[in-house]
Amino acid sequence: MATSESGRGADPLDFLDIDALLTDEERMIRDAVRQFVGERVVPDIDGWFERGEFPKEVFPELGKLGLLGMHLHGFGCAGTSSVSYGLTCLEMEAGDSGFRSAVSVQGSLSMFPIWKFGSEDQKQEWLPRMAAGEIVGCFGLTEPDFGSDPSHMRTTARKDGTDWVLSGTKMWITNGSISDVAIVWAQTAEGIRGFIVPTDARGFSAKDIERKLSLRASVTSELVLDDVRLPAGAVFPEVRGMRGPLSTLTEARFGIVWGVMGAARTCYQTALDYSGTRIQFGKPIAAFQLTQEKLVNMLLELNKGTLLALHLGRMKDEGRLRPEQVSVGKLNNVREALRIAREARTILGANGITLEYPVIRHMNNLESVLTYEGTSEIHTLILGQAITGHAAFE
């Protein structure tokens, strides 16, 4: 589109024509997810958020679209590119962070460790049904006293004959009380190991965390394991130590890098549209310099963040993406998405604090995304160690 000195030129939602950098397949997947979000999520999300509900029945619908574990290969998974998975996260979070979290926890935190570290029997038993959305999974790593320092977790697993017996508590677990299976990490005599725990096992219970003001359209739970007995085949055979949970977190963090740009896009688009119709002092507030500065700053960070996500996605598809590079994306994009949401709120004025507009909902959700799957401080220290060679965690 040609530009001119007056009026709009390039697409204000894709100012740098990032769409041209995508393949036809990536655009097709992106458009299908965008349509699903527009038809299935957007019409009801305000009510779900206000009531603190997440519609579990959406999982088979997501499975039918091939979005659960979509970047994994085999076992009923779609086997798409990492960029396609990222675009899916972006479009889901443009609707609500809770829905992107559901897709991310299912595919990256629950299915990925089974796919990566599980036995052939474990993969055959769980992955096809999880990809179809017939079974919902969750990921149990964080504990009440150990979030950023999971290596000192207190949950234990001890051998009793050929069985394993798990005891402990996990906290802030997305999908916890609606899950059919939990991936639980525990201390053993052999180091930290991962276990596949059916949630109907004796001694397993989940209690929802109430009174949240963020991620309300998402289930967050406490998991309690009271001498949960599991057969020998419940443990991942191929991984020990923190490599298992941390590599799994890297998968999920990659989705966040993309997802938050969806929330940011919705906030920016809402502010842009509102500024064109809100009349003050005889003209739309979009005509005032201060409003234009806010909108331009949002535009810059939205486009830069999306380009960063795309670059990391191409690196991941080429097999050369490192965990600390994912930290760059998580640290930058969440921080900038939150700034965009806050700036958009100021353009909407008092209207910005109501659920009549999506901005305050996204802003509140992003406060959670800022601290889960690695706080900003942790990602800062990961990068600090990467560039200085000195670990500052302890």
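Helix H4 (residues 82-95) is mostly covered, with 14 of its 14 residues buried, where buried means under 20% relative accessible area, exposed over 50% and partly exposed in between (1.4 Å probe, protein chains only). Helices (H or I, at least four residues) and strands (E, at least two) are DSSP runs, numbered from the N terminus. The model you are looking at is predicted: local features need pLDDT of at least 70, side-chain atom pairs count only at pLDDT 80 or more, and totals for chains, interfaces and linings use all residues. Residues are numbered from 1 along each chain as its sequence is written, and side-chain values use heavy atoms, with hydrogens and water left out.

**Helix H4 and Leu-90**

- The 14 residues of H4 should span 20 Å at 1.5 Å a residue, and its end C-alpha atoms are 20 Å apart, which agrees; the expected span is 1.5 Å times one less than the number of residues.
- Leu-90 is found in this helix, and at 7% relative accessibility it counts as buried.
- Leaving aside neighbours within four places in sequence, Leu-90 is in contact with Trp-258, Gly-259, Met-261, Gly-262 and Arg-265, contact meaning heavy atoms within 4.5 Å.
- Leu-90 and Ala-344 are 254 residues apart in sequence, and their C-alpha atoms are 18 Å apart in space.

**The whole protein**

- Eleven helices and eleven strands make up the secondary structure count of the protein.
- Its radius of gyration is 21 Å, close to the 21 Å that the globule rule gives for 394 residues, so the protein is as compact as a globular protein of that length. The radius is taken over C-alpha atoms, and the rule is 2.2 Å times the number of residues to the power 0.38.
- The C-alpha trace spans about 80 × 45 × 40 Å along its principal axes.
- Of the 394 residues, 54% count as buried.
- Among contacts with a separation of 6 or more, 75% come from residues 24 or more positions apart.
- The accessible surface comes to about 17400 Å², and 51% of it belongs to carbon and sulfur atoms. These areas come from the Shrake-Rupley method with a 1.4 Å probe; for residues, only the protein chains shown count as cover.
- There are 41 positive and 51 negative side chains, and the centres of the two sets lie 3 Å apart. Lys and Arg count as positive and Asp and Glu as negative, while His and the chain ends are not counted; each charge is placed at NZ of Lys, CZ of Arg, CG of Asp or CD of Glu.

**Positive phi values**

- Trp-172, in strand S5 (residues 163-174), has a positive phi of about 60° although it is not a glycine. At 52% relative accessibility, Trp-172 counts as exposed.
- Glu-373 sits in the loop between helix H10 (359-369) and helix H11 (376-388), with a positive phi near 55°. At 14% relative accessibility, Glu-373 counts as buried.

**The loop between S3 and S4**

- His-152 lies in the loop between strand S3 (137-140) and strand S4 (156-160), and at 42% relative accessibility it counts as partly exposed.
- Not counting residues up to four places away in sequence, His-152 touches Phe-146, Gln-187 and Glu-394.
- Glu-143 lies in the loop between S3 and S4, but at 5% relative accessibility Glu-143 counts as buried.
- Beyond four places in sequence, Glu-143 touches Met-153, Arg-154, Thr-155, Thr-169, Lys-170 and Met-171.

**Ser-221 in strand S9**

- Ser-221 is found in strand S9 (residues 220-230) and is buried, with a relative accessible area of 0%.
- Not counting residues up to four places away in sequence, Ser-221 has contacts that include Lys-170, Met-171, Trp-172 and Ile-173, as well as Lys-207, Asp-208 and Ile-209.
- Ser-221 and Arg-322 are 101 residues apart along the chain, and their C-alpha atoms are separated by 31 Å.
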